[in-house]
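Please open the model in a viewer and keep the selection tool at hand.

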Amino acid sequence: VLFEIDPKLVSDHAAQAVQHPDVNIRRVCAEALVVRGDARAIELLAPLLDDPHRGLRRYVSDQLAKLAASDELRKTVIAEASKVASTERWRGLEQALSILGRLDHEPSANRMLKLLHHERPEVGFAAAWALQEIALAEVLPEMLAYASDNCDNVLAGTVPHAGIDLQLAQLCQAFGKQRYAA
């Protein structure tokens, strides 16, 4: 009800509300922070990229990417997404990589390459997708080495994790889009 009256009334309590055990309260808080749309709101939203509720973390990821359309907020979104991408928490990694890929953040490419090897297929896929999005020629040889090793594993029946086929498809698309002939 407070959100409908004035989203600022909710965003004033956001620091506590983003940690509430009820996903519905976290969602309303996230919506209020999006409406607020300033640097502090982005800082409070970023931890929700690792929220246990899939719908909420995807909502936050989408909204942070939209907020980054503003030149004044882009650096803050990239900084906060990069913080989350530096952790080892798979949910946050998946969403942070999505943001960094959408924002064409080339300095993240080395982290993305490392995360291709992540044990969670969601993270490996997000890393491959983000690498395809940023289309950085310097990392193509490492992407190819990873893809080649894993194609060999797939053919040998020693697949490192479920979802490797989707990850490899993203890498192959990246090679095609960049006309990488190696």
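Is D51 buried or exposed? This is a predicted model, in which local features need pLDDT of at least 70, side-chain atom pairs count only at pLDDT 80 or more, and totals for chains, interfaces and linings use all residues. Residues are numbered from 1 along each chain as its sequence is written, and side-chain values use heavy atoms, with hydrogens and water left out.

Select D51 in the loop between α5 (39–45) and α6 (54–67); helices are DSSP runs of H or I, at least four residues, numbered from the N terminus. D51 is buried, with a relative accessible area of 4% (buried means under 20%, with a 1.4 Å probe and protein chains only).

Next, display R26, whose side chain makes a polar contact of 2.6 Å with the side chain of D51 (a pair of N or O atoms within 3.5 Å, one able to donate a hydrogen and the other to accept it; residues adjacent in sequence count only if both atoms are side-chain atoms). At H53, the backbone nitrogen lies 2.8 Å from a polar atom of the D51 side chain.

Now move to the largest pocket, which holds about 210 Å³ of space. A pocket is an open set of points on a 1 Å grid where a 1.4 Å probe fits, with protein on both sides within 12 Å along at least five of seven lines; lining residues have an atom within 4 Å of a point. Select the lining, including R58, E94, W129 and L166. The helix α10 (121–134) gives the most to this lining, with five residues.

How values were computed
Points joined across faces, edges and corners; volume = space filled by probe spheres on them. Helix = DSSP H or I, 4+ residues; strand = E, 2+ residues; numbered from the N terminus. Buried < 20%, exposed > 50% of the residue type's maximum accessible area, 1.4 Å probe, protein only.
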